[in-house]
Amino acid sequence: RGTMTVGEVAKLFHKDASELIKKLLMMGVMATINQELDLDTIQLISAEFGIEVELKLPVEEDPFEMDEVVEDPENLMERPPVVTIMGHVDHGKTTLLDAIRHTNVTAGEAGGITQHIGAYQVESNGKKITFLDTPGHEAFTTMRARGSKVTDITILVVAADDGVMPQTVEAINHAKAANVPIIVAVNKIDKPEANPDKIRQELTEYALIPEEWGGETIFVNVSAKSRTNLDELLEMILLVAEVQELKANPNTTAKGTVIEAELDKGKGPVARILVQDGTLRIGDPFVAGVFFGRVRAMVNDKGRRLKEAGPSTPVEITGLHEVPQAGDRLIAFDDERKAREIADKRTITLRESELNSSSRVTLDDLYKHI
Ligand code: GDP
Ligand code: MG
């Protein structure tokens, strides 16, 4: 799942592995020459060496890029934040995600059956929050490798009875590389041996200084297990979202990102997507990755059929003939011919770029390893 080893990156950068290991150590990452580094760490380390690495798909003049229009601010409306949860193994990410979802389902949607669609939405004080429930690291690496940005806020889970661990540091690096604000959830405070202040202390070394200590990072003590302070955590998410002024135009054709996709025996190809801009409707022709499709059915995280889905809404859709990849962009069109044309063009461009795989030193080389 890693991308390249320390040794391989050193070679790529024409550096000594020992130099790389030293820099990594300064960033708080203990590494050996055979250790695999993720994309974000490689990007950070390259910046340390003053080497510029390109983060983009090996597709020149991606027609999707040309569709980016600068929105008239008048068309923009507030949209829910999209949140990922990251942290070291066993620090309570899954439990926290489940606790937030469950608390909310029982409170809001009586009888709503939660479906796994790669993401879910909850409500706090009448405002929605979207959580990606794909493992944070994966979401970050796959999505960013394919040029998509899906996360607005990262919740960094650190167990109060443990401490800052390697994957905690990795998560911090991911979030920093992507320029995504971090809220620290100090978890397991129900445990007698919990020491939340020790976690705060340790994280100061990574420039995460608690607000109450004069810094800028929001820390919330929680217990995913006893569901303590989850409301406060949701409030803090909304607070950070407000500062970010997250906006989108709901009155345009949809743009989004594929979070997961698979071939379902009964339904055919299904894609779980996050609509990021515009509104996706039943019958809309679209391109996902390089594939043409037309929205046949849409289901939300509560198993409810939808006719339309606006910004920051996660939905499962059918209507594709092929299975796109996680991280692929999805763009809807008014006109089916245009959608088909673009899908064809993208297929050809992708094939060509695969054939021309050059020896340029860019992060393109790394994608093959993901
Ligand atoms: P993940 O690997 O980060 O997804 O961690 P999990 O959610 O699987 O949790 C790892 C273990 O910690 C499980 O046994 C959980 O029951 C336990 N756990 C998670 N949150 C809490 C908590 O707030 N308090 C206590 N006491 N245990 C917790
Ligand atoms: Mg887990």
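1. Asp72 sits in the loop that runs between helix 4 (63-66) and strand 3 (77-78), where helices (H or I, at least four residues) and strands (E, at least two) are DSSP runs numbered from the N terminus. At 41% relative accessibility, Asp72 counts as partly exposed, because that class lies between buried, under 20% relative accessible area, and exposed, over 50% (1.4 Å probe, protein chains only). Asp72 and Asn249 are 177 residues apart in sequence, yet their C-alpha atoms are 9.0 Å apart in space.

2. On the basis of the values, this is a predicted model, in which local features need pLDDT of at least 70 and side-chain atom pairs count only at pLDDT 80 or more, whereas totals for chains, interfaces and linings use all residues. Residues are numbered from 1 along each chain as its sequence is written, chains are lettered from A and ligands numbered from 1 in the order in which they are written, and side-chain values use heavy atoms, with hydrogens and water left out.

3. Around ligand 1 there are 15 residues, of which Asp90, Lys93, Thr94, Thr95 and Asp190 come nearest; a residue is counted here if one of its heavy atoms lies within 4 Å of the ligand. Helix 5 (residues 93-107) gives the largest share of this shell, with three residues. By class, the shell has two nonpolar, seven polar and six charged residues, with Ala, Val, Leu, Ile, Met, Phe, Trp, Tyr, Cys and Pro taken as nonpolar, Asp, Glu, Lys and Arg as charged, and the others, Gly among them, as polar.

4. Several polar contacts (pairs of N or O atoms within 3.5 Å) deserve a look. A polar side-chain atom of Thr95 lies 2.5 Å from an oxygen atom of ligand 1, while a backbone N or O atom lies 3.1 Å from a ligand oxygen atom in the case of Lys225 and 3.4 Å in the case of His91. The protein covers 75% of the 580 Å² of accessible area that ligand 1 has on its own, areas being computed by the Shrake-Rupley method with a 1.4 Å probe.

5. Strand 12 (residues 268-277) is mostly covered, since ten of its ten residues are buried. Strand 12 pairs in the antiparallel sense with strand 11 (residues 255-264) over nine bridges, pairing being assigned if DSSP finds at least two bridges. Strand 11 and strand 12 form a hairpin with three residues between them, and Lys255 stands opposite Asp277 in strand 12.

6. Strand 12 also pairs with strand 17 (residues 314-320), in the antiparallel sense and over five bridges. In this pairing, Ala271 stands opposite Ile317 in strand 17.

Conventions: A polar contact is a pair of N or O atoms within 3.5 Å; within protein, one must be able to donate a hydrogen and the other to accept it, and residues adjacent in sequence count only if both atoms are side-chain atoms.
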